[in-house]
Amino acid sequence: MTDSKGRLSAARLAIDDLDQSIQKMISDRARLAQEIAIIKQQAGDVGDMYRPSREAEVLRHVMARNEGPLTDETVARLMREIMSACLSLESPLTVAYLGPEGTYTQGAVHKHFGHAVRSRPMVAIDEIFRDVEAGNSHYGVVPIENSSEGVVSHTLDLFVSSPLRICGEVTLPIHHHLLSDRDLPDGITKVIAHPQSLAQCRTWLQTRLPAAELETASSNGKAARLVSENPGQGWAAIAGRPAAELYDLRIAAANIEDESDNTTRFLVIGRQQTAPTGDDMTSFVCSARGGDQRPGALFELLKPFSDAGVNMTRIESRPSRRGNWNYNFYIDVAGHADEPPLTEVLKAVDSRSDLFKILGSYPRAPLT
């Protein structure tokens with residue numbers, strides 16, 4: 001017993017010494033961040049100091065040199081918060097997101113930027129675009145697709161006319177919980193959630209709450225707030241754990257999503273062009289010259305990718321609103337628009353298109 005107490009005491013003293021060293025190194029890093037801000041300002045760089053390519057590079061190095069026992073995801077999250085706090089000393093950032101507080105989009109903001117940014121809730125996706133365009137926020141975070149329910153078409157449509165660029169992407173595992181003022185789902189008469197969340201929990205709702213009324217809301221955060229404002233009504237919301245804590249609701253049922261690997265992809269939108277990192281994605285929109293009803297029009301549009309061996313990871317079609325049955329194609333490809341072979345491929349696609357617009361090249365989201 002005496003030996004165990006001695007070893008425990010020694011281990012705790014060693015942790016105290018390490019904590020002191022870690023704290024000193026974090027302070028040293030923060031001071032260097034302040035010095036970098038001064039150097040940039042003296043060089044005439046008066047914009048925000050956030051650089052997506054640099055931050056992506058740092059996080060990749062963090063995960064590559066991780067030796068455990070903490071997971072890559074954990075060490076990346078810890079480093080993300082240190083970087084966020086240091087960046088706030090250089091250039092405090094404001095990021096618009098789909099509110100209110102407690103939404104998954106706010107979770108994506110914190111995952112990508114850390115908690116030291118000022119998050120600014122908007123009531124609709126188009127308001128996020130307008131807020132960033134007006135300069136009220138430095139960046140915005142918008143949902144673009146879900147692994148089980150597909151693309152968020154409204155986000156796609158807004159890119160055609162917006163001057164904003166895609167600066168980054170975030171993938172967020174989505175775990176839906178049934179939030180209420182009661183401990184169990186028994187007696188719940190109404191479930192409120194964003195339409196995509198209702199769809200992602202369709203089987204669970206049909207099995208466990210077949211008689212409950214399903215009501216849509218503009219966001220899950222708003223749904224949770226509505227439930228918290230109407231106690232004793234037998235209402236419940238579908239939302240994440242942060243919303244339960246924020247609105248003082250109980251988790252009546254956890255992880256009710258039909259797909260256990262349910263994931264949503266978000267895009268970071270802003271005004272800056274992101275430099276290549278060596279592991280990038282490029283998004284663009286185009287339409288076939290002469291209309292896509294012409295036989296072989298889409299094949300001709302996409303053939304340069306095959307010829308150059310460039311991987312096309314996603315294609316979505318949306319009505320162009322330039323005439324019936326005329327479509328815009330939203331395409332994601334591997335690579336950066338400023339690097340070969342993608343540069344020449346995009347020129348070839350542009351020459352075959354009536355509409356062609358690069359939406360952005362940006363670091364591929366880490367697999368965490």
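This is a predicted model: local features need pLDDT of at least 70, side-chain atom pairs count only at pLDDT 80 or more; totals for chains, interfaces and linings use all residues.
Now look at S10 and its partner. S6 covers residues 177-180, and it pairs with S10 in the antiparallel sense. Three bridges hold that pairing. If you want one to click on, take serine 180: its bridge partner in S10 is arginine 250.

Aspartate 248 is in the loop between H10, residues 241-246, and S10. Asparagine 255 is in the loop between S10 and S11. What do we find for phi at aspartate 248? Phi there is positive, about 55°, and the residue is not a glycine. Asparagine 255 also is not a glycine, and its phi is positive at about 50°. For context, most residues other than glycine have a negative phi. How accessible are they? Aspartate 248 has a relative accessible area of 70%, so it is exposed. Asparagine 255 comes in at 44%, so it counts as partly exposed.

On to strand pairing around S14. S14 spans residues 327-334. Six of its eight residues are buried, so this strand is mostly covered. S12 runs antiparallel to S14, and six bridges join them. Methionine 281 has alanine 334 of S14 as its bridge partner. S13 also runs antiparallel to S14, joined by seven bridges. There, methionine 312 stands opposite valine 333 of S14.

Is arginine 314 buried or exposed? Buried: its relative accessible area is 11%, and the cut-off is under 20%. What does arginine 314 touch? Beyond its close sequence neighbours, up to four places away, the list is Ile144, Glu145, Val151, Leu156, Arg265, Tyr330, Ile331 and Asp332.

Next, the nonpolar cores. The largest has 22 residues. Those with the most contacts inside it are Ile125, Ile128, Phe129, Val142, Phe159, Leu267 and Ile269. Several elements supply at least two residues each, including H5 at 125-133, S3 at 139-146, H6 at 153-161 and S11 at 263-270. Which element gives the most to this core? H5, with four residues.

Take phenylalanine 129 as a local view. Set aside its neighbours within four places in sequence. Phenylalanine 129 is then in contact with Val142, Thr155, Leu158, Phe159, Ser162, Leu164 and Ile269. Apart from this core lies another, with 19 residues, among them Leu87, Leu93, Phe266 and Val268.

Now a helix pair. H3 is residues 72-90, and H4 is residues 104-113. Their axes come within 7 Å and cross at roughly 85°. That makes H3 roughly perpendicular to H4. H3 brings Arg80, Glu81 and Ser84 to the contact; H4 brings His110, Lys111, His112 and Phe113. By type, those contact residues are one nonpolar, three polar and three charged.

Serine 91 is at 10% relative accessibility, so it counts as buried. Alanine 37 is 54 residues away from serine 91 in sequence, yet their C-alpha atoms are 7.7 Å apart.

Last stop: peptide bonds. Most of them are trans. Where are the cis bonds I want to show? One runs from glycine 99 to proline 100, with omega near 5°. Proline 100 is in the loop between S1 and H4. Another joins proline 340 and proline 341, with omega about 0°. Proline 341 is in the loop between S14 and H12, residues 342-351.

That is the tour.

Key
Residues are numbered from 1 along each chain as its sequence is written. Side-chain values use heavy atoms; hydrogens and water are left out. Two strands pair if DSSP finds at least two bridges between them. Axes are lines fitted to C-alpha atoms, for helices over the stretch in contact, and angles run from 0 to 180 degrees between N-to-C directions. Angles under 35 degrees count as roughly parallel, over 145 as roughly antiparallel, 65 to 115 as roughly perpendicular and the rest as oblique. Contact means heavy atoms within 4.5 Å. Ala, Val, Leu, Ile, Met, Phe, Trp, Tyr, Cys and Pro count as nonpolar, Asp, Glu, Lys and Arg as charged, and the others, Gly among them, as polar. A nonpolar core is a set of buried Ala, Val, Leu, Ile, Met, Phe, Trp, Tyr and Cys residues joined through side-chain atoms within 4.5 Å. Buried means under 20% relative accessible area, exposed over 50%, partly exposed in between (1.4 Å probe, protein chains only).
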